[in-house]
Amino acid sequence: EELQAQEKAYNDRIADLTKKSEEGGIVSRNKAKNELEQAKGEDPLPLRRAKISQEAAVRKAEKASKQAQAASAKAAEEATRASAARETAEREAEESEAAARKAEEDRHSAEQERQSAEQKSAAASASRQVAEASLEEAQGAFKVAEDYLEEAKNTMPQGSLWWIEREISEAKVFYHKQEWAGRAIMEA
């Protein structure tokens, strides 16, 4: 369910960005196109790998369970039909038990893979939190730079100060808030 929810969220985001890149003004379309390319460029490998592994483990467990049930039913039927076939029925019962053990091992393996997928999901969530903290830190650094500029207004010549303020105001107009914060960090 969690994998399906993550996959649906990813597909919904792609669809939403595609729609936004075809509607609206030039700036919003270009912004949506850029975000769409970034979203498509993200590596969905962990999600795909976890999904494929989980589905394979479930199919394997179901197949082994069906085999075990079929072998057990066949062994019980043979035992009731004739006591002369007792030896054959015992051998099939042993095979059935081996299949049941294998099914249990496969179920255990599937459980471990599920836990691994949950751990990967938690790691991805932690990475996102780190990224959000970095963004907040960048915004704080930009605020410090703006405060410094305000202090510098009293000491710098008016022409230089006008030029710097003009560059900053134009950049704020043309850059997305998060992109502007990231750009301010790179230049600092």
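A salt bridge joins the side chains of Lys8 and Asp12, with N and O 2.8 Å apart. The structure, a predicted model, holds eight salt bridges. Its secondary structure consists of six helices and zero strands.

**Overall make-up**
- From the N terminus on, the elements follow the order α-α-α-α-α-α.
- The protein has 188 residues, of which 16% count as buried.
- The accessible surface is about 14,300 Å², and 52% of that surface belongs to carbon and sulfur atoms.
- Among contacts between residues at least 6 apart in sequence, 57% join residues at least 24 apart.

- Lys8 and Asp12 both sit in helix α1 (residues 2–22), four residues apart, or about one turn of the helix.
- Asp12 counts as partly exposed because its relative accessibility is 39%.

- Arg107 pairs with Glu104 in a salt bridge, the closest N and O atoms being 2.6 Å apart.
- Arg107 and Glu104 are three residues apart in helix α4, so about one helical turn separates them.
- Arg107 is partly exposed at 44% relative accessible area, and Glu104 is partly exposed at 40%.
- Glu132 and Arg128 form a salt bridge (3.3 Å, N to O), and both lie in helix α4, four residues apart.
- Glu132 is partly exposed at 37%, whereas Arg128 is exposed at 58%.

**A salt-bridge network**
- Salt bridges link Glu111, Arg114 and Glu118 in a network.

- Asp106 lies in helix α4 (residues 86–152).
- Asp106 counts as buried because its relative accessibility is 11%, under the 20% limit.
- Leaving out residues up to four places away in sequence, Asp106 touches Lys60, Ala61 and Ala64.

Notes:
Residues are numbered from 1 along each chain as its sequence is written. This is a predicted model: local features need pLDDT of at least 70, side-chain atom pairs count only at pLDDT 80 or more; totals for chains, interfaces and linings use all residues. Side-chain values use heavy atoms; hydrogens and water are left out. Helices (H or I, at least four residues) and strands (E, at least two) are DSSP runs, numbered from the N terminus. Buried means under 20% relative accessible area, exposed over 50%, partly exposed in between (1.4 Å probe, protein chains only). Contact means heavy atoms within 4.5 Å. Accessible areas come from the Shrake-Rupley method with a 1.4 Å probe; for residues, only the protein chains shown count as cover. A salt bridge is a side-chain nitrogen of Lys or Arg within 4 Å of a carboxyl oxygen of Asp or Glu.
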